[in-house]
Amino acid sequence: GSSSSATQSRGLATAGGPQEERLVVVVRVRPSAETNDHCIDVISEKSLLFDDGGKSRPRQYSYDYVFKETDTQEKVYKKTTAPLVRDVLNGYNAAVFAYGATGSGKTHTMLGPCRKKTTSTANSERGATAAYDVDANNNESGLMVRAIEEIFHNIENSPNNSSKVSISYLEIYNELIRDLLNPGGPLELREDHRGQRITVAGLSEITTTSRQEVVSLLLKGNKARTMEPTAANQTSSRSHALLSITVQTKTPLGTKQGRLFLTDLAGSERAKKTKNRGKRLQEGAHINRSLLALGNCINALSGGARYVNYRDSKLTRLLKEALSGKCKTVMIAHVAPEGKHRDETKNTLVYADRANSISTRLQNSVYLDEVKDFPTKHYQNLVSELREEV
Ligand code: ADP
Ligand code: MG
């Protein structure tokens, strides 16, 4: 009940209303055991100093929020995702994506601390070395788990519990889409004739009324992610993972639908540094293609371009809705504070700085087509009833 906890519970994006909203860009500095050689110094809630190793004076960068090393998972959730969850329950779309080099803390933020589990695939051809497990009822739970918890909490406590929750979870690996809830062959993207609505053909969309079930699906899905060791980090995940949570609520005016996209992006480091060769180099190229395309979109949007090319990668096609202003978007850029990660940290700070100037406009709640004509039908029925009476 202190004033600091009141501040913590206030989110960065305000809930509701079709007002002009910028893309919210925050930076999270992960903790480090190393104490002497740091390139990052958080100087306020909105700014940090970056030291490029003595080449020039430390440079100041400012964002919507800067999370320092000691900031908790709960604080990150409350500031970034909680306001979006409220919007989603009100029928808006929203997206959070975690950006940063491998080892900068993306998966920690999105899922929570992962216990490493050795698996029998250790010496398989694929070179996969580990699967992950995460404690669902943990203080350290990440944004995905917290968002699910809050959505179910709200629905269970709403007076007329008339909402339906469904989730899908996919990964993009080498520009191929895989269903993480039902792993199998690659899935294709489909567009409607106007190229407006993008769907993944055959992707499982699991409807559930139990939060335990969602959390366990999520953990199972995460274990299905493609894991490849690289020189930069033994446990690096080379894939982008997209979780989508859809909430449909019956109202007197029809069914309203809100969707939350939560994205754990693949490492943003350059192929050169990770000494990628062969298959790994190709992966690096694809990852860069997706992140490069994302960067190009962000650049175009931040410069107010009238045409933005989302078509260059699967990632940007899937995130088009999130980026093009049809929903509120929060980007969490992750950085490692150690001097040895200076180059990657700077790349991420610059990328986030560009993203910082994008403006997005919220659209009104979306009502589903099949129920759009509800009021008309209602009045038609009323008219026939009155006719009969007459
Ligand atoms: P990424 O997904 O970006 O490759 P991880 O989330 O796997 O990075 O983080 C790398 C390591 O640092 C992991 O061991 C993780 O548990 C730890 N870590 C990252 N961020 C934090 C944090 N905020 N608090 C505690 N440990 C963290
Ligand atoms: Mg990760």
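Me: Which residue in S17 does Val 26 stand opposite?
Reply: Val 26 stands opposite Ile 332 in S17. Helices and strands here are DSSP runs, numbered from the N terminus, with at least four residues of H or I for a helix and at least two of E for a strand.

Me: What kind of model is this, and how is it numbered?
Reply: This is a predicted model, where local features need pLDDT of at least 70 and side-chain atom pairs count only at pLDDT 80 or more, while totals for chains, interfaces and linings use all residues. Residues are numbered from 1 along each chain as its sequence is written, and chains are lettered from A and ligands numbered from 1 in the order in which they are written.

Me: Is S2 mostly covered or exposed?
Reply: Mostly covered, as 6 of the 6 residues in S2 (24–29) are buried. Buried is 20 or more other C-beta atoms within 10 Å of the residue's own, exposed is 12 or fewer, and partly exposed is in between, with C-beta atoms placed from the backbone.

Me: Which S2 residues point which way?
Reply: Val 24, Val 26 and Arg 28 point one way, and Val 25, Val 27 and Val 29 the other. The residues on both sides are buried.

Me: What does Val 27 touch, sequence neighbours aside?
Reply: Leaving out residues within four places in sequence, Val 27 is in contact with Leu 48, Tyr 63, Val 66, Phe 67, Ala 333, Val 335 and Ala 352. Contact is C-beta atoms, placed from the backbone, within 7 Å.

Me: Which members of the largest nonpolar core touch the most others?
Reply: Val 26, Val 27, Met 144 and Met 331, out of 80 residues. H5 gives the most to this core, with 7 residues. Such a core is a set of buried Ala, Val, Leu, Ile, Met, Phe, Trp, Tyr and Cys residues joined through C-beta atoms within 7 Å.

Me: Leu 143 next. Where is it, and why does it count as buried?
Reply: Leu 143 is in H5 (residues 143–156). Leu 143 counts as buried because it has 27 C-beta neighbours inside 10 Å. Not counting residues up to four places away in sequence, Leu 143 touches Tyr 77, Thr 81, Val 96, Thr 109, Met 110 and Leu 262.

Me: New topic, ligand 1. Which residues come nearest?
Reply: Arg 30, Gly 105, Lys 106, Thr 107 and His 108, of the 14 around ligand 1. Being around it means a C-beta atom, placed from the backbone, within 6 Å. H4 (residues 106–110) gives the most to this shell, with 3 residues.

Me: What does UniProt place there?
Reply: The unreviewed UniProt entry places a "binding site" at Gly 100, Ala 101, Thr 102, Gly 103, Ser 104, Gly 105, Lys 106 and Thr 107.

Me: Where is Thr 102, and why is it buried?
Reply: Thr 102 lies in the loop between S7 (93–100) and H4. Thr 102 counts as buried because 22 C-beta neighbours lie inside 10 Å. Gly 103 is in the loop between S7 and H4, and counts as buried with 20 C-beta neighbours inside 10 Å.

Terms used
Two residues are in contact if their C-beta atoms, placed from the backbone, lie within 7 Å. Two strands pair if DSSP finds at least two bridges between them. UniProt positions are given in the numbering used here, feature names are shortened, and annotations may be inferred rather than shown by experiment.
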